[in-house]
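Hello,

Here is the structure I promised to pass on to you. Have a look at it first, and then read on for what turned up.

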Amino acid sequence: MGDAIDLTGDGGVTKKIVRRSKPDAIAPSESLPLVDVHYEGTFADTGEVFDTTREDNTIFSFEIGTGSVIKAWDVALRTMKVGEVAVITCKPEYAYGSAGSPPDIPPDATLVFEVELVACRPRRGSSVSSVSDERARLEELKKQREMAAASKEEEKKKREEAKAAAAARIQAKLEAKKGKGKGKAK
């Protein structure tokens with residue numbers, strides 16, 4: 001669908017989008033770090049499949065950023081949205097490195113994964129509703145602060161207008177006294 005995108009700047013992890021997500025799809029985030037994926041892993045040099053969730057239609061779930069998966073997945077899944085399918089190519093230093101993962105992954109293997117991001121979820125103990133409740137609470141606080149600031153600004157404006165009106169009245173009285181003083185001298 002598009003050219004491969006270098007996600008690490010050194011060619012260590014590249015991503016090529018096979019199917020785009022819907023524009024309003026959600027992405028993994030601080031509040032939705034748990035991801036569910038379908039994938040198929042192959043060796044870049046032979047194309048041989050070494051692991052897949054497609055055959056038995058299982059879902060693989062993990063939390064982004066905790067080191068529970070290879071570095072390439074932590075990097076790549078952060079850039080995806082639910083519904084997106086991408087081919088992720090992982091150089092050894094972002095996969096299993098010089099040690100490999102015997103017996104399935106040999107040392108220094110470049111791996112290719114076709115990954116579909118199926119879902120993003122909140123951590124256990126928090127829920128989407130508690131996350132959205134927190135967002136709503138923060139939005140409400142923001143609105144209250146904005147209203148308080150607007151109210152203070154309005155009060156300040158009224159005080160300035162009152163000062164200007166008082167100054168104008170005093171000025172008018174002074175002008176009136178000046179005029180009366182001239183009339184008596186005649």
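**Charge on the surface**

E153, E154, E155, E160 and E161 come together on the surface as a patch of negative charge. Please keep in mind that this is a predicted model. Taking one of these residues, E160 sits in helix α2, which covers residues 128-185. Is E160 buried or partly exposed? Its relative accessibility is 46%, so E160 counts as partly exposed, because that class lies between the 20% limit for buried and the 50% limit for exposed.

With a relative accessible area of 60%, K173 is exposed, because the class begins over 50%.

**The overall layout**

Stepping back to the whole chain, there are 2 helices and 7 strands. Along the sequence they follow the pattern β-β-β-β-β-α-β-β-α. The chain has 186 residues, and 30% of them are buried.

**How the strands pair**

What is the sense of its pairing with strand β4 (residues 49-52)? The two are antiparallel, and 3 bridges connect them. Within this pairing, E40 has T52 of β4 as its bridge partner. β3 and β4 make a hairpin, with 5 residues between the two strands. In the turn of that hairpin you will find G47, whose phi is positive at about 80°.

The other pairing of β3 is with strand β7 (residues 111-121): how many bridges join them? There are 10, and these two strands also run antiparallel. For a point of reference in the viewer, T42 stands opposite V112 in β7.

From β7 you can move on to strand β6, which spans residues 85-90. β6 and β7 are joined by 6 bridges and run antiparallel. Here I88 has F113 of β7 as its bridge partner.

Put together, β3 is joined both to β4 and to β7, and β7 is in turn joined to β6.

Key. Residues numbered from 1 in each chain as written. Predicted model: local features only at pLDDT ≥ 70, side-chain atom pairs only at ≥ 80, totals over all residues. Heavy atoms only, no water. Patch = residues over 30% accessible without salt bridge, like charges linked within 9 Å, V, L, I, M, F, W, Y side chains within 5 Å. Areas by Shrake-Rupley, 256 points an atom, 1.4 Å probe, with all protein chains shown as cover. Salt bridge = Lys/Arg side-chain N within 4 Å of Asp/Glu carboxyl O. Lys, Arg positive; Asp, Glu negative; His and termini not counted. Charge placed at Lys NZ, Arg CZ, Asp CG, Glu CD. Helix = DSSP H or I, 4+ residues; strand = E, 2+ residues; numbered from the N terminus. Buried < 20%, exposed > 50% of the residue type's maximum accessible area, 1.4 Å probe, protein only. Pairing = 2+ DSSP bridges.
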